[in-house]
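Subject: Structure handover

Dear colleague,

Please find the structure below. My notes on what was found in it follow.

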Amino acid sequence: MPLNPTLPVTARQPINRCNLPAVILGSLTFQRHPTALFIDGVRELHSDLFRRLDREAEREARATLFKDYMVVHFRLEHPEDAGLTPGQRVNRGKADYLRLIRGWAFDPDSREGAVLKGWVESRFGLVPRYHRGPIRTPGDPTFFAYQELRTTGLYNTNALEAQLDLLYTYAQYELEHAVADRDHLPLYRGINRLGEHELLGQEGAEQIVLLNNLNSFTDNRQRADEFGDQILETRVPRSKVFFYNRLLPGLLKGEDEYAVIGGVYGVRLAVI
């Protein structure tokens, strides 16, 4: 198969809300030579949080500080302060970043998964390639179904995407502390067939694939064995890690799962 590592036009938006356009950050070149990604204005808006985090030497203390800041800044325990009207038929006051992460871990094709994929689309300009079915063009019925789930998931919530902006920025802050000497993380994903993914070509021992705009990986190769007959091995840019379980201890079972922003990747296939 001839090599075609370009991010397809149907897989990207012309604009986004970070420092690089989707055609660059979603490319194979970016995977191999990554740089930092910044969502517009987040570090500046929450500069006080990051100054306070700098004063905490322990990771657990920083995680507690982050969660407390989210509660206070977004009024998570008092949604009426953010404009929620008590007594509404549909009460979305408890829809927050923690619920989204739990929903993603339970089912990436859930309504929560649609909100997260929609956030990636909005902030990074990468359009989902799968949600309860393949999405190949904006006219696909699966695309409209995804948009409906995303919209209902965001309806009447409290700055839900802004919460995700800060969660991603905090994850990048912690990764910089943990792996400052590495631009990539070796991660793994269990699959049943390589044909489940969009193949763009082959280069040496690597298959070039277009991943969904948000994906589950693990840093534990043995853990990946549980989810398929084959394992995708790849080097994920540090700046493309949206969330990982160790970031907020106690939120999810296990400590080895990563939510990874997609695009074009070179992967190696290993048979279990």
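Val-241 is buried, at 0% relative accessible area; buried means under 20%, exposed over 50% and partly exposed in between, with a 1.4 Å probe and protein chains only. This is a predicted model, in which local features need pLDDT of at least 70 and side-chain atom pairs count only at pLDDT 80 or more, while totals for chains, interfaces and linings use all residues. Residues are numbered from 1 along each chain as its sequence is written, and side-chain values use heavy atoms, with hydrogens and water left out.

Val-241 sits in strand β5, residues 241–244. Helices (H or I, at least four residues) and strands (E, at least two) are DSSP runs, numbered from the N terminus. Leaving aside residues up to four places away in sequence, the contacts of Val-241 include Tyr-168, Leu-175, Val-236 and Tyr-258; contact means heavy atoms within 4.5 Å.

On the nonpolar cores (sets of buried Ala, Val, Leu, Ile, Met, Phe, Trp, Tyr and Cys residues joined through side-chain atoms within 4.5 Å): the largest has 69 residues, of which Phe-124, Leu-167, Phe-242 and Leu-248 touch the most other members. Helix α9 gives the most to this core, nine residues. A second, separate core has six residues, among them Val-127 and Phe-143.

Because 13 of its 14 residues are buried, α7 is largely enclosed by the rest of the structure. Gly-125, with a positive phi near 80°, follows α7.

Salt bridges number 17 in the whole structure; each is a side-chain nitrogen of Lys or Arg within 4 Å of a carboxyl oxygen of Asp or Glu. One of them joins Arg-32 and Glu-203 at 2.7 Å, N to O. Arg-32 is partly exposed at 29%, and Glu-203 is partly exposed at 33%. Lys-117 and Asp-109 also form a salt bridge, at 3.3 Å; Lys-117 is buried at 1%, and Asp-109 is buried at 19%.

A network of salt bridges links Glu-121, Arg-123, Arg-150, Glu-161 and Asp-165. Of these, Glu-161 lies in α9 and is buried at 16% relative accessibility.

Regards
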